[in-house]
Amino acid sequence: MATLNEKKTCSERMENFRRFVWNPETKLFMGRTLINWVWISLYYLAFYVVMTGLFALSIYSLMRTVNPYEPDYQDQLKSPGVTLRPDVYGDRGLQIYYNTSENKTWERLVTTLQTFLTAYTPAAQHLNVNCTGDKYFIQDTFDGPNNTKLSCKFTSDMLQNCSGIADPTFGFPEGKPCFIIKMNRIIKFYPGNGTAPRVDCTYVGDESRPLEVDYYPVNGTFNLHYFPYYGKKAQPTYSNPLVAVKFLNITRNVELKIVCKIIGAGITFDNVHDPYEGKVEFKLKIEN
Amino acid sequence: SNSLTFCLLQFSLSFGIQDDHKLSASELEEKYGTSINKGLSSSRAAEILARDGPNSLTPPKATPEIVKFLKQMVGGFSILLWIGAVFSWISFGIQFAQGAESPFDNLYLGVVLALVVILTGIFAYYQEAKSTNIMASFSKMIPQQALVIRDAEKKELPAEQLVVGDIVEIKGGDRIPADIRLISAQGCKVDNSSLTGESEPQSRSCDFTHENPLETKNIAFYSTTCVEGTATGIVINTGDRTVIGRIASLASGVGNEKTPIAIEIEHFVYLVAGVAISIGVLFFIISVSMRYKILDSIIFLIGIIVANVPEGLLATVTVSLSLTAKRMAKKNCLVKNLEAVETLGSTSIICSDKTGTLTQNRMTVAHLWFDNQIYSADTSEDQTTQPFDQSSPSWTALSKIVTLCNRAEFRPGQENLPIMKRVVVGDASETALLKFAEVILGDVMSIRAQNKKVAEIPFNSTNKFQLSIHETDDPNDKRFLLVMKGAPERILERCSTIMINGKEEPLDSEKAEAFQTAYMELGGMGERVLGFCHLYLPENEFPDTYPFDTDSMNFPTSNLCFVGLLSMIDPPRSTVPDAVSKCRSAGIKVIMVTGDHPITAKAIAKSVGIISATSETVEDIAKRLNIPVEQVNRREATAAVVNGMELKDMSLQQLDDILCNHSEIVFARTSPQQKLIIVEGCQRQGAVVAVTGDGVNDSPALKKADIGIAMGIAGSDAAKNAADMVLLDDNFASIVTGVEEGRLIFDNLKKTIAYTLTKNIAELCPFLIYIIASIPMPIGTITILFIDLGTDIIPSVALAYEKAESDIMNRRPRNKKKDRLVNEQLAVYSYLQIGIIQSVGAFVTYFTVYAEQGFLPSTLLGVRVDWENNAINDFEDSYGQEWTKYQRMYLQWTGYTAFFVSITIQQVADLIIRKTRRNSIFQQGLFRNKVIWVGIFSQIGIALILSYGLGHVTALNFIPLRFQYWFVAVPFAILIWVYDEVRKLFIRRYPGSWWDKNMYY
């Protein structure tokens, strides 16, 4: 096979490059005449304008076809996620560590709870209605103001001892802390199949070991009249119902693994991939 | 440097022989410690064998397998992918040290990237090894035996075990087993053509006839053949020290340079790597300045590299080339080096041998002259009849002489074979005459039996005639028939009459003139002419008991009756003229390089079209205008016939002039060494040169050529070793089919690369938009690898099966400097037009999936940080629903799958548009290339399997996708197809226009 590649020196390469950028003899700028550059730029400009237009048109027609009240599919939302407040995440999930004798360590946890509950003051909830029936609050029509649906009131006082009203420190300094369990909103999700779902907290892996917990509201249930959720557009003032759990006999200076599950038909908590589906696991360690 | 090569060659050759040719037998005995009668003792021979090694040529030093393997691991894009892998591991290390939650993703990504490099490396290595193996099996030969005198006994030994000082005996038909100084010879002739290119057998004796060991008669060279006679000699050189061995090692000294396609692929790799690195670095800077973490920026960089590098492409190119190599092997072109497939396609000059390549390599009767008229005979390979007028009684007489005055015979047991294929014992001309007679008259042997031979004088160089006397087959005619053939002028001398239409007429000057004219004419066609005459011996003088004595010649050998002339030539192969004209229309210059006589060479060149009917040489013009050669305007002559003797005295400048100014060139009487000079001359013109060769001495030229083509039948091992390609049937026409395949594969590789590059943009854009607009990641790195190495592989190979768009042999060979494999138009059209349409289509699918699951496009912008935050498990969508991290991840993977599916669907359209570069798909036919459909079905099949079959394997990030999302990108696929049809339409409509220049790749 014969020689085809010629060796070029660096200066020759530079010279070639300079000639490529501007060749005074042929009047070529980077391989094209200036007018040619104008043409090609105009062509690409037009091409991209058309492509942008097509993209915009596609997105516009997409927006026209989607339902403004509820999504077409809820493939990923078969069972609601569960979250915990206060939520302090460490390397491996929720880790609530504090020292009863060091105010600083628990004050920010308390603040988190207080901030979270500001959405549940009577003032914040004044647009919502009082609901009493222990049944699903099904609304086929838009009875609320501005063509919306009604939402039930949930105020922090329903959390009684954990409301932060009687005890603004939520029991943290005494080592009997309150945690708030929230179930994620899913549109038109009917949890519990007619029975109110409830929160159940146990030690992880050792469910027989007694964990003394007070649940608020009573029995740790989410009242059925908060369901179903009709979506942001239909229920702009909807707020999630909450359950507070107060741990009463936490062993000090030991890291404890606790899981709070939501028990109810239609709520699964055995998805190996999703640690927050139907349950919330956390580590708790109270030092003194 | 040419003359230097020459000197070196001569010097190194003669040095090895020293002066053995000058020594006497006893001096030789002393020098080599041997005895001419007893030979070496076995123990002594074993000692020498241990010292010198076996008598065989060391095969050219092969690159160690491990080096070849490692080369595959670092070539092409591999370095880029290694960098990606190392970055992945570094970021894994950092994340692991920081105790992050899921650092193993990066570890796996690194492993996957490394695996990709290693697997594609292994694949390429395997492909190359496979094609090398074809050659290895091809060059294996049956071990040669030699008759040696050792311990005073004659022994058959494998030629490998010969040592210096051995006494060997050779006989006709043997291959000379080593360089031998002859000490006795009986009528020994050797065929040195593999060494010197001279095709005439040369006599060998024990006499010292020339100072130059290469010229002297008492040395026979390794690997040449003894044609006839016997000889005994002393082995003076073995193995690599033989003359042939030295030439072979000289040939391997000519370096292997990169093939044109290797250069093109390198250019393409640089281009893509350049784009990948610049975009990667640019976005690294952008992401750092957008306050992304350095670690994140590195991960983006890896993604950009992976998206930009067409991981599967080099493997695809290898497969395409080996598919073409296979196809060429079926057409009798065996390619040793895969890349040579394309080199053949870019060939602009073919330097071809004559004998055996352009011609059939057998003498055949081409013309006859009797009754004052020239008749043409059929010279095709498979003649079964001869169409010329056979009614004249003169022909009957002539045919009798042809039949009877001939010693050649068919080997028995070939009755079922076609006449042309039967093996004949006898020399080339007699064979030609025998077959000619057999075709026309039928069973020659029985005719000879009916006309019993009573006396015979075989041909010899002093008489220059052959004569025999026969009884006739007519029982009533008791006369003897004397028949004679030989050199026409000698035959004519012996004649006093000439037969015209069966009647004997006196041979007057007018008839002699006619004979001369015919003889000149036939000779001028480069044919070997024989004259035939006969005489019926009068019954009274020669009764049937007459004792014919060939020594005293007691019968008349003059005043005979001249009957006619027959002329023979080694005729061109019937496929060659067509092949040459194809070369001509394909812009390939065919140069004939032969050791033959200029007249024969020119005649063959004319009959195959290397010199076209209308063109003239300088000598022709001089003859026509009747002026001296020096006065002819050399520019007017398009053809040139250059004699090897002239070439010897030419300067390089003069040779360049000839190569440049004449379009039709024949080099006659050239030595194989001169071939090298011619090849170098052609390469100085910037041509890609293909050279054919068979002899050992051709190997430097074969190596030097851009593509060396060795003859499979006539070729020596050394030539096959030096060549890039072996022509199994020795046929020139096979080269042309090879050229066609080579050109086709170049076009098709263009299509493959265009196809493959397009989706890189659709893979790259997600990263760029992800970084800039902070949307959830649209496609994962692993997913990209599944496109590059999964769905896209079979379709891109399928493009190698695409038929040519137009007559590929009607355009000029590509200019290796200008017609790049990947040119600006190809890259720009693929990247900035089709690639962008694909990206838009894929993004529309992406937004559709997210919107229908709850995230409207407006919500997605700028959402990245929270979206990827493990600590947010109640992430709110556009409808107020809340999502855990895993639910979002699952949606993200759904997005990956949707993006992947969209690219796949649009790649189907891309595949269809890439079938043609200029023609409409409808002109090309959608269904002509069935493999494309295999590609399309495989593509969709793999996507279906990934989505629905492997959708539950978390590590792969595929999700069973809702069926309708497969169709979101279909309008864009149609748009791609329509847009490309419009592009092609304008290219066809307005050739040379701005559009054509910018949009045709």
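Modeller: This is a predicted model. For chain B, the unreviewed UniProt entry annotates "transmembrane region" at residues 73-94, 106-126, 268-286, 298-323, 826-849, 893-912, 932-951 and 963-979.

Colleague: What makes up residues 932-951 of chain B, helix or strand?

Modeller: Residues 932-951 of chain B are 90% helix and 0% strand, with end C-alpha atoms 27 Å apart.

Colleague: How many residues does the contact take from chain A and from chain B?

Modeller: Chain A gives 56 residues and chain B gives 67. Between them the two chains bury about 5,100 Å², of which 55% is on carbon and sulfur atoms.

Colleague: Why is the pair B:Glu882 and A:Lys182 called a salt bridge?

Modeller: The N to O distance between the side chains of B:Glu882 and A:Lys182 is 2.8 Å. The cut-off is 4 Å between a Lys or Arg side-chain nitrogen and an Asp or Glu carboxyl oxygen, so the pair qualifies. The count between chain A and chain B is eight salt bridges. There are also 28 residue pairs in polar contact across this interface, both residues at pLDDT 80 or more.

Colleague: Which elements of chain A each supply at least two residues of the side that touches chain B?

Modeller: They are helix 2 (34-65), strand 3 (82-85) and strand 6 (178-183) of chain A. Helix 2 of chain A gives the most, with 14 residues. That side of chain A divides into 27 nonpolar, 16 polar and 13 charged residues.

Notes. Residues numbered from 1 in each chain as written. Chains lettered and ligands numbered in written order. Predicted model: local features only at pLDDT ≥ 70, side-chain atom pairs only at ≥ 80, totals over all residues. Heavy atoms only, no water. UniProt positions renumbered as here; feature names shortened; annotations may be inferred. Helix = DSSP H or I, 4+ residues; strand = E, 2+ residues; numbered from the N terminus. Contact = heavy atoms within 4.5 Å. Buried area = accessible area lost by both parts, 1.4 Å probe. Polar contact = N/O pair within 3.5 Å; in protein donor to acceptor, adjacent residues only side chain to side chain. Nonpolar A, V, L, I, M, F, W, Y, C, P; charged D, E, K, R; others polar.
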